[in-house]
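Welcome! Please take a look at the structure below, and then let us walk through it together.

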Amino acid sequence: MNKGAALPGGFLDEAGLNRQHVFALDSLPAAVLAALDIQPGERQLILIGHGGRRLWERLQASGMTGDDPIDDYSTRTVRHWFARELPEHRFRILFPGTRPIGLQALGALAGWHQPSPLMIGVDAEWGSWYAYRAVVVADTDFAPSPRHAGHSPCPTCPDAPCIRACPAGALQGGRFDLEACSRYRLRPDSPCAEGCLARQACPAGSEHRYDDAQIRHSYARSLAVIRQYYATENRTPERR
Ligand code: B12
Ligand code: SF4
Ligand code: SF4
């Protein structure tokens, strides 16, 4: 019934899930499709992201719930959106979920992901202040989105302040050194425990920089993953 219509994204925009891209499943590379376990009748993949501060503002207003409040909010919001605006459609939320999905690879197909020394996608509009919040497959028939004509600010960035700002030298040498970054973040009183100095030095999209509380929240989560990794592996990062 929505054949060729534009995705009705206003509800998602208002909720802070303000980046959306519709792919026809038959336009996706076989390697991407293989990871999705497509079911009969499913026709489209809807990639949903957030850019800037609104997601966090709306999340605060609706209440932080669950083990991962951002994932929890994103899932609730997508379910609510389908119930309200697309009740006749079947959908499955693949991310957040347990299935490994290469989000930056999907972002590259949508034109959202531009590589950067930080390894986080950085584009000229949002800088690094965006992320992927949901991947949905559905039996919808919306007009596929044109590839976003974004571009990377990095090639024209004078002096790459991100590289100079990293106290661990993790961005030098043209390859992100996750080990060096992790080791530095795990130090007692590390200035990178709850935020990335390199990311904050990047001038691109700085007007969209997250609220301090959101930065602390997200970095505390990634630090916990890093700590768990070293604990599980019984490794001592300080000595490596
Ligand atoms: C595992 C993971 C991590 C791990 C390690 C990353 C790694 N590659 O080993 C840890 C826990 C350290 C991590 C941390 C962060 N991550 Co992370 N991470 C992921 C995750 C779940 C899987 C990446 C992966 O390994 N894919 C498998 C490989 C085979 O896929 P790939 O597409 O071929 O590889 C790409 C990525 O691996 C990436 N990459 C490679 N090395 C590194 C290293 C780092 C630090 C990062 C961020 C990316 C990255 O570049 C590859 C080419 O595009 C993705 C979400 C996803 N499902 O894709 C998020 C993701 C890459 N992370 C993201 C973010 C934002 C972060 C953090 C900034 C979160 C935070 N606020 O703390 C930090 C930054 C790093 C830091 N300084 O701590 C975002 C990036 C958004 C964007 N704009 O591009 C993603 C896409 C999640 C999301 N929902 O949007 N992350
Ligand atoms: S500081 Fe410059 S080189 Fe580094 S991520 Fe930002 S735009 Fe790219
Ligand atoms: S978190 Fe710290 S050590 Fe890691 S890349 Fe950012 S500035 Fe460098």
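## Around the ligand

In this predicted model, helix H9 gives the largest share of the shell around ligand 1, with 5 residues. H9 covers residues 212-232, and other elements that supply at least two shell residues each are helix H5 (103-110), strand S4 (130-138) and helix H7 (178-185). Of the 22 residues around ligand 1, those that come nearest are Leu 103, Gly 121, Ala 131, Ser 218 and Ser 222.

What classes of residue make up the shell around ligand 1? There are 15 nonpolar and 7 polar residues, and no charged ones.

## Two domains

The chain is divided into domain 1, residues 10-138, and domain 2, residues 157-239. Their centres, taken over C-alpha atoms, are separated by 24 Å. Where the domains touch, 15 residues of domain 1 and 16 residues of domain 2 take part in the contact. The domain 1 side of this contact has 9 nonpolar, 4 polar and 2 charged residues.

Ligand 1 brings us back to both domains: its shell draws at least three residues from each of domain 1 and domain 2.

## A closer look at helix H4

Helix H4 runs over residues 69-85. At 1.5 Å a residue, its 17 residues should span 24 Å, and this agrees with the 24 Å between its end C-alpha atoms.

Which residues of H4 are buried? They are Ile 70, Tyr 73, Ser 74, Thr 77, Val 78 and Trp 81. These residues cover an arc of only 130° around the axis, so they sit on the same side of H4. Their cover includes helix H1 (10-14), strand S2 (44-51), helix H3 (54-62), strand S3 (91-95) and S4.

Definitions and conventions:
Residues are numbered from 1 along each chain as its sequence is written. Chains are lettered from A and ligands numbered from 1 in the order in which they are written. This is a predicted model: local features need pLDDT of at least 70, side-chain atom pairs count only at pLDDT 80 or more; totals for chains, interfaces and linings use all residues. A residue is near a molecule or strand if its C-beta atom, placed from the backbone, lies within 6 Å of it. Helices (H or I, at least four residues) and strands (E, at least two) are DSSP runs, numbered from the N terminus. Ala, Val, Leu, Ile, Met, Phe, Trp, Tyr, Cys and Pro count as nonpolar, Asp, Glu, Lys and Arg as charged, and the others, Gly among them, as polar. Domain bounds come from an automatic or database domain assignment. The expected span of a helix is 1.5 Å times one less than its number of residues. A residue is buried if 20 or more other C-beta atoms lie within 10 Å of its own, exposed if 12 or fewer, and partly exposed in between; C-beta atoms are placed from the backbone. The arc is that of the directions from the helix axis to the C-beta atoms. Two residues are in contact if their C-beta atoms, placed from the backbone, lie within 7 Å.
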